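Take a walk through this protein chain, one part at a time. Keep the structure in view as you read.

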Amino acid sequence: SSGINAEYGVAEKLLNLFGNFVKKYGKLSAACGSGPETTEVQAAELSTLQDVIRTFLEVFNCTLCYSSRNNGALIYEMLHKRDLFSRFRTHPTLSEHLPNIDTVLGCLSDRLEQRAEQEGVSVTGVQEVIEELARQWPSDRLQVTPVLKFEYIEEAESNEFFVPYIWTLIFSQSTLYWDTSRITLR
C-alpha cells in the first residue's frame, strides 16, 4: 500500500513541477507579447522554458507509448491536470507532442463517463479504469515516438566544482569529528 501512495505522490510532484514550468512560461509569454520589446534575457528564458516543456511532453509521450501499464499513477495525474496541456494545442512547435496525450486522455474520459452513467466513479474506480485501459490499449492507436536518450557531457574542469562540493557534504553530513583547522581543499 505504501508503494502505491509513493507512486502517486511522485506522479503528483512531477505534474506539479510541469505545471510550474507551464505557468512561468505563460506569464513570460504574456509579458513578452504585451511589452514593447522583448529583451535578450527574456527571449533566452522563454526558449529554455519551451525546451523544458517539450522535454516533459516527450517524456509523457514515451511513457504512454512504451510503459503505460506501469504508470497508472502518472496517467491519473495527467487526467487530473489535463488543462495544463490545453494551452499548447495551438503552439507552433509544442502541439506536435499532444496527439498521443489527447488520444489517451480523451479515451479515458469517455470510459469514465460511461462508467459514471452505469455505476458512479470513485477514486478507486478511476484507477481501475486506468489500469484496464493500460492493459487493453491497442498500440497502433498512438503515434510512435522515438525512445528518449539522454547523455551526460562532463565539463572539462568539473572537479573544481564537484570535489569541494562533495567534501562540503561529507563534512556537514558526517557524524565523524573533523578538525576544521586542518581541512584544506585545493
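This is a predicted model. The mean pLDDT of the protein chain is 83, and 93% of its residues reach 70 or more. Helix H4 has the highest mean pLDDT, 93. Helix H7, residues 159-173, has the lowest, 82. Where pLDDT is low, the predicted coordinates should not be read in detail.

Now turn to the core. The largest nonpolar core has 38 residues. Phe 18, Leu 57, Phe 60, Met 78, Phe 85 and Ile 101 have the most contacts inside it. Six helices each supply at least two residues of this core: H1 (2-34), H2 (40-66), H3, H4 (83-86), H5 (99-119) and H6. H1 gives the largest share, eight residues. Setting aside residues up to four places away in sequence, Ile 101 touches Leu 57, Phe 60, Asn 61, Leu 64, Met 78 and Phe 85. Among these partners, Leu 57, Phe 60, Met 78 and Phe 85 are also on the list of core residues with the most contacts.

Helix H3 comes next. Where does H3 sit in relation to the rest of the structure? It is largely enclosed by the rest of the structure, because eight of its nine residues are buried. Those eight are Gly 72, Ala 73, Leu 74, Ile 75, Tyr 76, Glu 77, Met 78 and Leu 79. Glu 77, a charged residue, is thus listed among the buried ones.

H3 (residues 72-80) packs against helix H6 (residues 123-136). The angle between them is about 115 degrees, and their axes lie 10 Å apart. The crossing of H3 past H6 is right-handed. From H3, the contact uses Gly 72, Ile 75, Tyr 76 and Leu 79. From H6, Val 123, Val 126, Gln 127 and Ile 130 take part. Six of the contact residues are nonpolar, two are polar and none is charged. The spacing along each helix has a simple background. An α-helix has 3.6 residues a turn, so residues three or four places apart point the same way.

Gly 72 deserves a stop of its own. It lies in H3 and has a relative accessible area of 12%. That value is under 20%, so Gly 72 counts as buried. Not counting residues up to four places away in sequence, Gly 72 touches Glu 7, Tyr 8 and Ile 130. Ile 130 belongs to the H6 side of the helix contact. Gly 72 and Ala 11 are 61 residues apart along the chain, yet their C-alpha atoms are separated by 9.3 Å.

Helix H2 holds Thr 63. Thr 63 is buried, again with a relative accessible area of 12%. Leaving aside neighbours within four places in sequence, Thr 63 is in contact with Ser 68, Asn 71 and Leu 74. Leu 74 is one of the buried residues of H3.

Move on to helix H5, which contains Cys 107. Cys 107 is buried, with a relative accessible area of 12%. Beyond residues up to four places away in sequence, Cys 107 touches Leu 133, Trp 137 and Arg 141.

Leu 142 sits between H6 and H7. Is Leu 142 buried or exposed? At 8% relative accessibility, Leu 142 counts as buried. Apart from residues up to four places away in sequence, Leu 142 touches Leu 64, Cys 65, Asn 100, Thr 103, Val 104 and Trp 137. Trp 137 is also a contact of Cys 107.

Key: Residues numbered from 1 in each chain as written. Predicted model: local features only at pLDDT ≥ 70, side-chain atom pairs only at ≥ 80, totals over all residues. Heavy atoms only, no water. Axes fitted to C-alpha atoms, helices over the stretch in contact; angles between N-to-C directions. Helix = DSSP H or I, 4+ residues; strand = E, 2+ residues; numbered from the N terminus. Left-handed = near helix turned anticlockwise from the far one by under 90°. Contact = heavy atoms within 4.5 Å. Core = buried A, V, L, I, M, F, W, Y, C linked by side-chain atoms within 4.5 Å. Buried < 20%, exposed > 50% of the residue type's maximum accessible area, 1.4 Å probe, protein only. pLDDT = per-residue confidence, 0-100.
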